[in-house]
Amino acid sequence: MELRGERIVLRRLDEEDAPALLAFIQENRSFFEQWEPTRDDGFFTLESQLADIADAVADAASGRRHAFGLFLEGELVGPGGPTYDEHR
């Protein structure tokens, strides 16, 4: 699934996005601490992000969860999910 604008794209994350997602999360860690649950340092690793993306891909197949990324001119500028469908 992908939605395209003139310069921005919203699409599902895949394993290739894990390094960029990790960099975004690390760079914005203190900002997100205001709203996100407390996370241990293990969350801020490439392995953790790869595992979460793999889980989201599997969950998407059942319609349970979709993890999206926002891409501006090909560069990840933020996560757009994950989202959950509580009715499934």
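**Figure 1. The largest nonpolar core of the predicted model has 12 residues.** Its members are V9, L13, A18, L21, I25, F43, F44, I53, A56, A67, F71 and L76. Two elements, α1 (18-27) and α3, each give two or more residues to this core. The largest share comes from α1, which supplies three residues. One of the core residues, I53, is in contact with L13, D14, E15, D17, A18 and L21 when its neighbours within four places in sequence are left aside. This model is a predicted one.

**Figure 2. Helices α1 and α3 pack against each other at an angle of about 120°.** The axes of α1 and α3 are 9 Å apart. The crossing in which α1 passes α3 is right-handed. On the α1 side, the contact is made by A18, P19, L21, L22 and I25. On the α3 side, L46, Q49, L50 and I53 take part.

**Figure 3. Q49 is a buried residue of helix α3.** The helix spans residues 46-61. Q49 counts as buried because its relative accessibility is 1%, and the cut-off for buried is under 20%. Apart from neighbours within four places in sequence, Q49 is in contact with A18, L21, L22, I25 and F43. Q49 is also among the α3 residues that make the contact with α1.

**Figure 4. S48 is another residue in helix α3.** With its neighbours within four places in sequence left aside, S48 is in contact with G42 and F43. S48 and L22 are 26 residues apart in sequence. In space, their C-alpha atoms are 9.0 Å apart.

**Figure 5. F24, F31, F32 and W35 are linked into a cluster by ring pairs.** The count of aromatic pairs in the model comes to four. One of them, between F24 and F32, is tilted, with 5.9 Å from centre to centre and 50° between the planes. In the pair formed by F31 and F32, the ring centres are 5.4 Å apart and the planes lie at 75°, so this pair is edge-to-face. The angle of 75° is over the 60 degrees that edge-to-face requires. The cluster members F24, F31 and F32 can also be described by their accessibility. F24 is buried, at a relative accessible area of 15%. F32 is partly exposed, at 28%. F31 also counts as partly exposed, with a relative accessibility of 43%.

Figure 6. F24 and R4 are 20 residues apart along the chain. The separation of their C-alpha atoms is 21 Å.

**Figure 7. Two arginines, R11 and R29, each have the charged end over a phenylalanine ring.** The charged end of R11 sits over the ring of F71, at 4.0 Å from the ring centre. For R29, the ring is that of F44, and the charged end sits 3.7 Å from its centre. Both phenylalanines, F44 and F71, are listed among the residues of the largest nonpolar core.

**Figure 8. E73 has a positive phi of about 50°.** E73 is not a glycine. Most residues other than glycine have a negative phi. E73 is placed in the loop between β4 (68-72) and β5 (75-79). Its relative accessible area is 62%, so E73 is exposed.

Conventions:
Residues are numbered from 1 along each chain as its sequence is written. This is a predicted model: local features need pLDDT of at least 70, side-chain atom pairs count only at pLDDT 80 or more; totals for chains, interfaces and linings use all residues. Side-chain values use heavy atoms; hydrogens and water are left out. Helices (H or I, at least four residues) and strands (E, at least two) are DSSP runs, numbered from the N terminus. Buried means under 20% relative accessible area, exposed over 50%, partly exposed in between (1.4 Å probe, protein chains only). Contact means heavy atoms within 4.5 Å. Rings of Phe, Tyr and Trp (its six-membered ring) pair if their centres lie within 6.5 Å; planes under 30 degrees apart count as stacked, over 60 as edge-to-face and the rest as tilted. A charge sits over a ring if NZ of Lys or CZ of Arg is within 6 Å of the ring centre and within 35 degrees of the ring normal. A nonpolar core is a set of buried Ala, Val, Leu, Ile, Met, Phe, Trp, Tyr and Cys residues joined through side-chain atoms within 4.5 Å. Axes are lines fitted to C-alpha atoms, for helices over the stretch in contact, and angles run from 0 to 180 degrees between N-to-C directions. A crossing is left-handed if the near helix is turned anticlockwise from the far one by less than a right angle, and right-handed if clockwise.
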